[in-house]
2 protein chains.
Amino acid sequence: MDEKIAKQVLEDVSGAVGLEEGTEGIRKILRFVCRFEPVPLHDLSRAVMIPVPVVSAVRRELEKRNICSRKSGIVLTQKGKMLLQAIGIYSSKLPELRLEYSVPEWLGPVAKRFRSIQELRPAPDFTLDQSHVDSETSALRSAYLYEHDALDGRDLIFLGDDDLTSLAVCLLSSEYDLNIGTITVVDVDTRILRFILKSARSIGVEVNTIECDLRQGLPRNLEGRYDVFFTDPPYTINGLRLFASCGVQALRPISGRPVFLSFGSKSPNETIEAYKVISDNGLAVQEVIPAFNRYVGNQIHAGASNMIRCSTTDTSKSVPPSEMEFIYTASQKKGTD
Amino acid sequence: MDEKIAKQVLEDVSGAVGLEEGTEGIRKILRFVCRFEPVPLHDLSRAVMIPVPVVSAVRRELEKRNICSRKSGIVLTQKGKMLLQAIGIYSSKLPELRLEYSVPEWLGPVAKRFRSIQELRPAPDFTLDQSHVDSETSALRSAYLYEHDALDGRDLIFLGDDDLTSLAVCLLSSEYDLNIGTITVVDVDTRILRFILKSARSIGVEVNTIECDLRQGLPRNLEGRYDVFFTDPPYTINGLRLFASCGVQALRPISGRPVFLSFGSKSPNETIEAYKVISDNGLAVQEVIPAFNRYVGNQIHAGASNMIRCSTTDTSKSVPPSEMEFIYTASQKKGTD
């Protein structure tokens, strides 16, 4: 196949799906299939960090053009192989290079206790972009917080906590006898606050819970009172902006404090926006771990999202969004329909 | 010890050293010693990502105040332990949570061949902020490039390559029979270009070498001709700005292409600047791996630097620095003396 024709096929497929990632997104999908076929749809989605319904639409277009087919997973056809070779991609014997926090053995008890606690948790409210990370991610988050000095003697605030990360921290603290300052959870969903309060008591750790819709602003009495914030905000750029700005507002104005943002992969253009939000609020990126957070049954985010660890700076200052309407995905969709 | 007094000690030590990371930097150093004592100076520097001479100055101040002492490594004194407890830090039994690309076995041959080639390399020219990553890092970089689709059929450009990463790519390609588009290396140092040309030939891979001082601008005939760029720029923000902008200029204007920047850890305020450079040039951050790059005998960067993987976007456009004077650390020092 001619290179030009092959590139045109990528253009066509990308255009047919309206893929924000463009031809490079199609290339990424095909290259992953080429390396690891047969590939289940969900694995593919997570690997390329593009949501399942979108990858599924791409697959449909590729099948229509006889580039892919199914055989206990997605595989390349002969034509598909020729197309890839035309743009320089041959299958190789190179194994996958993986960078992953595997859950270390010593976190096992935390994950196990978390698993049993969360069985009774409230179901996710999708209108609030809620979704649950799995218990391994929760345990890992607690250890990651400890590793980056977010726990010892620190006053912590969680902005939104349907993931129950505060409880994972309580479990780690109880398991390893840690000395945490105070733990505060702010959420708009009272079901979650009640559940956290009750569960924390059963673990024997005190947690302050505060009902609050951050769209109304952070309550005055929470400003400048914490050392560290953790948030897995709504999935929109405005959601990130709102939660990050409230987080900065909640912190004591000291440079070098750790801050934790979980945020899904976005198209290159939206990613630029996300990092602009971060620097607008005077936060300095320290580490970005793709697919650190694994979600249970979440199809919106390819089942995984990035852990973005930042640090406060001398110039950290809260820059909230100019409008509060399109914070959650649902409201955004309604808005753009 | 009273918390207030303890905090004052951190302030004093930070002030005495003029530490850009402030009291949180001192806290980070002390906490690491508390967790892993006795700690050798170089390990401490790498762990907290603060340069060796600076950590050494901090140690001196801590010893002066009887907070630390030496015992086959840095340890806390009794007073040091009390000081940490006053700010909430107790030693715990929690092991270290490590996120690391360990060099997989299948990369062994690449690292080994690289090691033997680089024995004859030119010595680093410190006035050009040259320093060498170790052979494991070189091998890992080549696999990381492959993993993120920077090699198959891609036209690659290396902006500055005293690290010889291009040769590691040649070795990976020869070892695993990869199909790379073209490899181009731009450098101001002809010793390096000659060495790369000769070594690449001995590996049996073709590399284009171009002598060029990027301060004079990227040569016109290199604009818009590549798919991927890789750079380990000079250590200043302006150096990053110059090399990143030349890289963007060298690329074909297509969204979603991978870009690789190696850059040392900076103070929170300078880190904000570095990420501003990245977004100014329309690059979207995809992954940030602290201490991915390990340097041989380099004391400037705590012996390690971050791998920042980005993606091009629709808005990628080259934004060079407004002045070319203070690109290298040496010139910067001269400038500020």
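The centres of domain 1 and domain 2 of chain A, taken over C-alpha atoms, are 34 Å apart. Domain 1 covers 3–86 and domain 2 covers 105–336; such bounds come from an automatic or database domain assignment. This is a predicted model, in which local features need pLDDT of at least 70 and side-chain atom pairs count only at pLDDT 80 or more, while totals for chains, interfaces and linings use all residues. Residues are numbered from 1 along each chain as its sequence is written, and chains are lettered from A and ligands numbered from 1 in the order in which they are written.

Now the contact between the domains. In chain A, 10 residues of domain 1 are in contact with 10 residues of domain 2, where contact has C-beta atoms, placed from the backbone, within 7 Å. On the domain 1 side, helix H3 (41–48) and helix H4 (52–64) of chain A each supply at least two residues. H3(A) gives the largest share, 3 residues. Helices here are DSSP runs of H or I with at least four residues, strands are runs of E with at least two, and both are numbered from the N terminus. That side of domain 1 of chain A divides into 5 nonpolar, 2 polar and 3 charged residues. Ala, Val, Leu, Ile, Met, Phe, Trp, Tyr, Cys and Pro count as nonpolar, Asp, Glu, Lys and Arg as charged, and the others, Gly among them, as polar.

Chain A as a whole has 12 helices and 9 strands. Its C-alpha trace spans about 65 × 45 × 35 Å along the principal axes. Of its 337 residues, 54% count as buried, that is, with 20 or more other C-beta atoms, placed from the backbone, within 10 Å of their own.

On to chain B, and strand S4 (residues 182–187). Of its 6 residues, 5 are buried, so S4(B) is largely enclosed by the rest of the structure. Strand S3 (residues 155–159) of chain B pairs with S4(B) in the parallel sense over 5 bridges; pairing requires that DSSP finds at least two bridges between the strands. Within that pair, Phe158(B) has Val185(B) as its bridge partner. S4(B) is also joined by 4 bridges to strand S5 (residues 208–211) of chain B, again parallel. There, Val186(B) is partnered with Ile210(B). From S4(B) the chain crosses through helix H9 (residues 190–203) of chain B to S5(B), in a right-handed β-α-β crossover. Right-handed means that, with the strands pointing away from the viewer, the path from the first strand over the helix to the second runs clockwise.

Methods
A residue is buried if 20 or more other C-beta atoms lie within 10 Å of its own, exposed if 12 or fewer, and partly exposed in between; C-beta atoms are placed from the backbone. Two residues are in contact if their C-beta atoms, placed from the backbone, lie within 7 Å.
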